[in-house]
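Here is a short tour of the structure you are about to see. Take a look at it first, then read on with it in view.

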Amino acid sequence: MAEIVFEHVGKSFGDTKVIENLDLTIEDGKFTVLVGSSGCGKTTLLRMIAGIGPATYGRILMDGKDITHQPPEKRDIAMVFQNYAIYPTMSVRENIEFGLKNKKVPKPERDRRIAEYAEIVGMTPYLDRKPSDLSGGQRQRIALARAMVKKPSVFLMDEPLSNLDAKLRAAMRVELIELQRRLGTTFVYVTHDQIEAMSMADTIVLMEKGEIQQIGCPEEIYHEPANIFSAQFIGTPPMNIMELGEGIRYGVRPESIVMEAQKLDNMALYRKGHIITREMLGAELQFKVRLSDGGTIMVRSPREDLAEDTDVWIMAKARHIHFFGADGIRLGHGGPQGLLDKLGGLNE
Amino acid sequence: MTNVADIEKQALREARRIKHRSWLTSYLMVLPAMAFLIAFVLYPTAAMLIMSLYYGNAKNPFKSWRGLQNYNMRADFWVALRNTAAYTGMALVLVMILSILFAQWMYKARKLNNVAQTLFFTPHLVAGVSAGFIWSWLMSSQPYGLFNTVLQPIYQILNVPSIRWLDSSDTAMFSIVLMNTWKSVGYYCLIIMSAMKSIPTEIYESARLDGSSSIKTFFKITIPMISPQLFFLLITITTGSFKVFDSVRIMTNGGPGDATRVLSMYIYDYAFQRNNTLGYACAAGIIMMLIMVAVTVFDFAFVEKKVHYQ
Amino acid sequence: MLYRSIRQKIQRGQAGSVKKLILAFAIIGTVLFVLSFIGWYNYVPVKQALSAENAEQLRAQLFTGVYVDRSSLPAALAGVSPFGFTCSLLMRELLIASACFFALTMLIAVEKSLAVKQENGSLWETVKNTAIEYFQQPRWGLQLFSDVMKIVLMLAFVFPFYWMIITAFKTYPESLNVPPTLWPTQWTMEGYENTFFSGENILNYFKNTVLVTAAVIALQLLIMVPAAYAFAKREFPLKGLLFGIVLVAFMIPLQLTYIPVYLRMQDLNLIYTLWPQILPLGADAFGIFMLRQSFKQIPDEIIESAKLDSAGEVQIMTRIMLPMCKSAMVTIAMFSFIGTWNAYFWPLVMTRSRDVQPLTIVVEHLRDAELGVRWNTVMAANTLLVLPILLVFIFASKKIIEGFAYRGVK
């Protein structure tokens, strides 16, 4: 159990500053996901917690204790790497045992724990195999068991699912959530995949260019994006952003748009559109629509009867419209009445 | 507040200590290797450069200063250089062509080819001394020499005198090249073959669909695709040929006359077998090294441009 | 009975345990062979000092466990160690036993490969099918011609080795026969005996070669592995400069630096020892380069992961890095084995005394003997020089070829 606090932390590699003056608190016992595009500094933060990529300046506290300069083996943490970092010359058992042996855990205790965690990840029949004989998913499980067996107070994971195929990834996602609930340990999970972040996190930390864009639970991030970046990062396809004039922009998520052949009542946004493409996704369809001003937007809708090359009405309710200031920051939920009126003036 | 700053300072000091200790470990790991390389490669090179400016022998290398006079090469140096160049040229042509041909002939994965590859490679593992002895026995121009016994009918049909192999200044150098080709072609063939095996079959299939003949495919696809390995061969064969010593010393010891006296042997003779010519031998060694460097630089500057890297 | 149980094992498909058995037998055979070699090494003084009956008597005593009083032995044997003496007396038995173990190993190996074959139908069936397939391929005539040519070429390539081995078993007059005989009419060990008794005891040279080769391999691994690891995986100031030195050293051939090295060895009074043949080869720039490459291929995450697993420097090295680079290290060891075993130029320059010269040089001494070139003797010595390399190649040809191919690709 541990809480991790970053205080004014910065990191540079040579002349490139990856992170500057960052403050962050990772809550005890929660599943925290650091998400962002590649090079945003999320892995750098994780490696700072692990102690394998020290901060250039600033302090890192773990349960109030300064661990900034502590060597990794003295921190009470375990890490799962993207490529699993399984020791290829050791058997599964030796892989799991290695950390315990180094910590001088007595043999009976080691055996007990190996048996316990091998059972949890379902690798008991493979304990004496070499990693080269195992599949990607099985290696993933060894990496998990190897981390868990140390009973750390913080679990660090660096894109652990990205090397698995889509089906296995979905299954492992659920398993990881269950695991975190069962262990109650602090999990810090790094990913670039917004779906993973949304589905697993208690708290999402959204990062870009070394800065934190937004911290919040998945619902918050989805419904109340702090800025345009946050709004566009979460959701597929990303939120449609359009100009309102004077630097103000407004946005609607593709799945919040109402698209009909006829005009409906009680909407805040009315635009004429023409369907360019139509993709069947299963439960829903995805449309690309050209607006009368020449811009295009993406729409997700269950309406199978709307065909390509037809004219439609694009509409949205006031609570689904987000307004953003010139600096990209969101201007309150639904936007001030003045902006809605201004939007109404543009309606067709 | 001061307390926190103190703790931080202490932690920082601790971190620096760990870092320096890790540097020390690194240096301890690298040091022995560096010491050996400096003592046995770099220092001798420098020492040779200095000794090449003196007049002396193995007992006393620095008898008197001679300056650059040692670099005024004697006439027999040019003979040795020409011999070395001739050897290199012949080896280059023979080994390159044969290894490409053999590779093309047997790179496909078949049992027979695997056996052939192994057998062709075997001579490469054998000491140059042994190979030299075996071949000078085979090439003996005495009546009991095996090669001439086998070739005797051909000599009679063509009505020519039998080849005197190592005993004639016309054929001695070529005979040595022949032996070294036998010894090394399997190795170079292996390198070219592994390059050929890594060419994706789709490229050949696509060439066939484009109606390319097999000869055209070989020159337009295979050769360009293996050009990095051909370049490696060029460099290795050239530098290797410049250093040739063992087989020449065993098979002809520079003879007949000076027909096979190559540079490395020339330097060895002047360094240890004659009086007070150590400085001159060092000068010849330096020149040999410069030529080798020049050839390599030339290769990299002009030939490498034509090499296709993936 | 043992054999039957092994056969059952093979048929039950317990390949792993059969493999271990083969390995064990091969090791026992090798150990026995080494013992008999030690006996062989002491054979000359022992044979000269003891009469035939005397030797038989001592052998009998050894077998019945009667204590041999060494003080009663001839004075000429004082320099022979008790161990060497025993091995020498038992040389014949040791040699036979080692041959038996090797034969057994071969037998099991053949049995095993036959067992694999049987799963794919009988031998005759396989041959028949292969032949049918062969003649069904398009343009089989051309293929047949090409294959026959290939076989002829293969024979031509190995013929020099055949000629070497065969000449060694001919008598001196027969070796000069016109036309040369392709098969000895009279087999003789004369050539081999001459390598022992004609003023040169080849075993002494053999010993030098073995010692130098083993020392070079050990020294190289000891020096190069840590350096390559540090260059691949650690950060420290001046790393670039130091690695630059390695690259420069890579360009300078040993053949050019020998004069100053020789002078220095002379100054240090080492020229009458084995050291000048060992020390200068301690660090090979190419080897450092190659090892560094293979260390570099290990992902950093594995090292980081080990650090998180509380592993220290030493453990990371011995438990993770070295096992993962085993194949590169074996390759390096193989290169230095072949290189040092075959070395001629370096020992020629670096030795002034016959006591420290290796095998490659004795062959030359034998040729230059006063009696004129006795080709059968020269070829016998040559065979002794070539045979160990060929034996290693037979057992590890795949590995060796891979190693050499890798060297070319890099």
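## Ground rules

Helices (H or I, at least four residues) and strands (E, at least two) are DSSP runs, numbered from the N terminus. This is a predicted model, where local features need pLDDT of at least 70, side-chain atom pairs count only at pLDDT 80 or more, and totals for chains, interfaces and linings use all residues. Residues are numbered from 1 along each chain as its sequence is written, while chains are lettered from A and ligands numbered from 1 in the order in which they are written.

Let's start with a single residue. Phe31(A) sits in strand S3 (residues 31-35) of chain A. Is Phe31(A) buried or exposed? Phe31(A) is buried, because 21 other C-beta atoms lie within 10 Å. The cut-offs go like this: 20 or more other C-beta atoms within 10 Å of a residue's own makes it buried, 12 or fewer makes it exposed, and in between it is partly exposed, with C-beta atoms placed from the backbone.

Who does Phe31(A) meet? Setting aside neighbours within four places in sequence, Phe31(A) is in contact with Gln180(A), Phe187(A), Tyr189(A), Met200(A), Ala201(A) and Asp202(A). Being in contact means that the C-beta atoms of two residues, placed from the backbone, lie within 7 Å. Glu348(A) is another story: 317 residues along the chain from Phe31(A), with 46 Å between the two C-alpha atoms.

## The rest of chain A

Chain A has nine helices and 18 strands. Its C-alpha trace spans about 75 × 45 × 35 Å along its principal axes, and 38% of its 348 residues count as buried. The domain assignment (bounds come from an automatic or database source) gives domain 1 (4-223) and domain 2 (238-346). The C-alpha centres of these two domains of chain A are 39 Å apart.

DSSP has to find at least two bridges between two strands for them to pair. Phe13(A) has Thr16(A) as its bridge partner in S2(A). S1(A) and S2(A) make a hairpin with two residues between them, and Gly14(A) in the turn has a positive phi of about 65°.

## The cores

A nonpolar core is a set of buried Ala, Val, Leu, Ile, Met, Phe, Trp, Tyr and Cys residues joined through C-beta atoms within 7 Å. In soluble globular proteins, nonpolar side chains tend to be buried together. Here the largest nonpolar core has 214 residues, and Ile49(A) and Leu156(A) have the most contacts inside it. Which helix gives the most to this core? That would be helix H6 (residues 172-197) of chain B, with 15 residues. Apart from this core lies another, of 21 residues, including Val252(A) and Phe323(A).

Back to Ile49(A): not counting residues up to four places away in sequence, Ile49(A) touches Ile4(A), Ile60(A), Ile77(A), Val154(A), Leu156(A) and Val188(A).

## Chain B

The domain assignment of chain B gives domain 1 (2-51) and domain 2 (74-306). Taken over C-alpha atoms, the centres of these two domains of chain B are 44 Å apart.

Now look for Ile286(B) in helix H12 of chain B. Ile286(B) is partly exposed, because it has 19 other C-beta atoms within 10 Å. Not counting residues up to four places away in sequence, Ile286(B) touches Met48(B), Leu49(B) and Ser52(B). Ile286(B) and Asn70(B) are 216 residues apart in sequence, with 11 Å from C-alpha to C-alpha.

Chain C has 21 helices and zero strands, and 34% of its 410 residues are buried. Helix H7 (residues 123-136) of chain C lies largely in the open, because zero of its 14 residues are buried.

How many residues of chain B are in contact with chain C? There are 63, and they meet 62 residues of chain C. H1(B) gives the most to this side of chain B, with 19 residues. By class, this side of chain B has 49 nonpolar, twelve polar and two charged residues. (Ala, Val, Leu, Ile, Met, Phe, Trp, Tyr, Cys and Pro count as nonpolar, Asp, Glu, Lys and Arg as charged, and the others, Gly among them, as polar.) Chain A joins in too, with 17 residues in contact with 14 residues of chain C.
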